[in-house]
Amino acid sequence: VFLLVPMRHPDGVILGNSRCNLGGVDLNRQYRVGRCCQTKTPTIWALKKLIREHQQRGGVSCFCDLHGHSVKQNVFMYGNSHKDLSFNDRYRSVLFGHELAQRSSYFSLQQSAFSTHKSKRTTGRYVVWEELGVTNCFTFEASFCGSGGDDTQSWQFHTSHLQKFGRRLCATIYKYFLSDPEFVARTLADWEEDPVYFLNHRGQGHQCAPRRSDS
């Protein structure tokens with residue numbers, strides 16, 4: 001079951017705001033308890049309530065927060081990682097990004113980052129992970145501009161490009177969570193046992209280590 005939640009700040013978007021609601025509040029910094037309430041941030045409050053209900057019914061496999069980015073090119077992702085987590089929990093986000101990079105040329109794993117920087121601990125991907133207990137939480141950023149690369153490989157993103165990426169994202173979610181339930185555990189076990197073999201045989205090796213980032 002895919003639950004699709006539309007933009008949470010249409011009152012701001014209709015006035016030209018890409019990040020904030022009508023009150024000038026960046027809703028992706030309002031997820032933590034103390035900032036999120038039914039009266040001041042009703043859409044975030046309702047989304048957390050929805051996720052909590054589904055966690056209690058049977059669990060939420062994945063939370064994907066889809067954003068636009070005004071500076072960087074390509075599509076890239078942010079995930080959670082922390083040095084105190086187990087190997088599997090630290091690297092499962094990286095593995096998801098790696099699988100997606102095999103399916104979509106628009107996606108850049110090298111531009112992606114996996115961290116729990118304190119400045120991001122009020123965002124959706126962190127709070128849904130840390131407070132609501134959803135293990136796989138990702139933020140995807142799609143450039144307002146387009147693809148990166150040199151001048152001969154760059155192009156402006158149009159709706160068709162984003163739709164194509166969306167299909168690749170859904171295919172990766174299916175592979176990662178549904179078609180082979182043991183895929184993640186098996187692959188991470190191989191990676192932990194012999195990182196050199198894993199990286200050499202799956203490619204993109206230099207991109208597969210979580211790195212600290214403020215994004």
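Two strands pair if DSSP finds at least two bridges between them, and strands here are DSSP runs of E with at least two residues, while helices are runs of H or I with at least four, both numbered from the N terminus. The model is predicted, so to speak of local features takes a pLDDT of at least 70 and side-chain atom pairs count only at pLDDT 80 or more, whereas totals for chains, interfaces and linings use all residues. Residues are numbered from 1 along each chain as its sequence is written, and side-chain values use heavy atoms, with hydrogens and water left out.

Strand 1 runs parallel to strand 4 (residues 137-143), with seven bridges between them, and here Phe 63 faces Cys 137. Strand 2 and strand 4 go antiparallel, joined by five bridges. On to strand 3: two bridges tie it to strand 2 in the parallel sense, and Gly 79 has Phe 114 as its bridge partner.

How well covered is strand 2 (residues 75-79)? Five of its five residues are buried (under 20% relative accessible area; exposed is over 50% and partly exposed in between, with a 1.4 Å probe and protein chains only). In a regular strand, side chains alternate between the two faces of the sheet. Val 75, Met 77 and Gly 79 are buried on one side of strand 2, and Phe 76 and Tyr 78 are buried on the other.

Then there are the charges. The whole structure holds seven salt bridges, each being a side-chain nitrogen of Lys or Arg within 4 Å of a carboxyl oxygen of Asp or Glu. One of them joins Asp 26 to Arg 19, with the closest N and O atoms 2.6 Å apart; Asp 26 counts as buried because its relative accessibility is 16%. Glu 130 and Arg 32 meet at 4.0 Å, N to O. This pair bridges distant parts of the chain, 98 residues apart, with Glu 130 in helix 4 (residues 124-130) and Arg 32 in the loop between helix 1 (10-13) and helix 2 (42-57). Another salt bridge, at 3.5 Å, links Arg 103 and Glu 99, which sit four residues apart in helix 3 (residues 87-103), about one turn of the helix.
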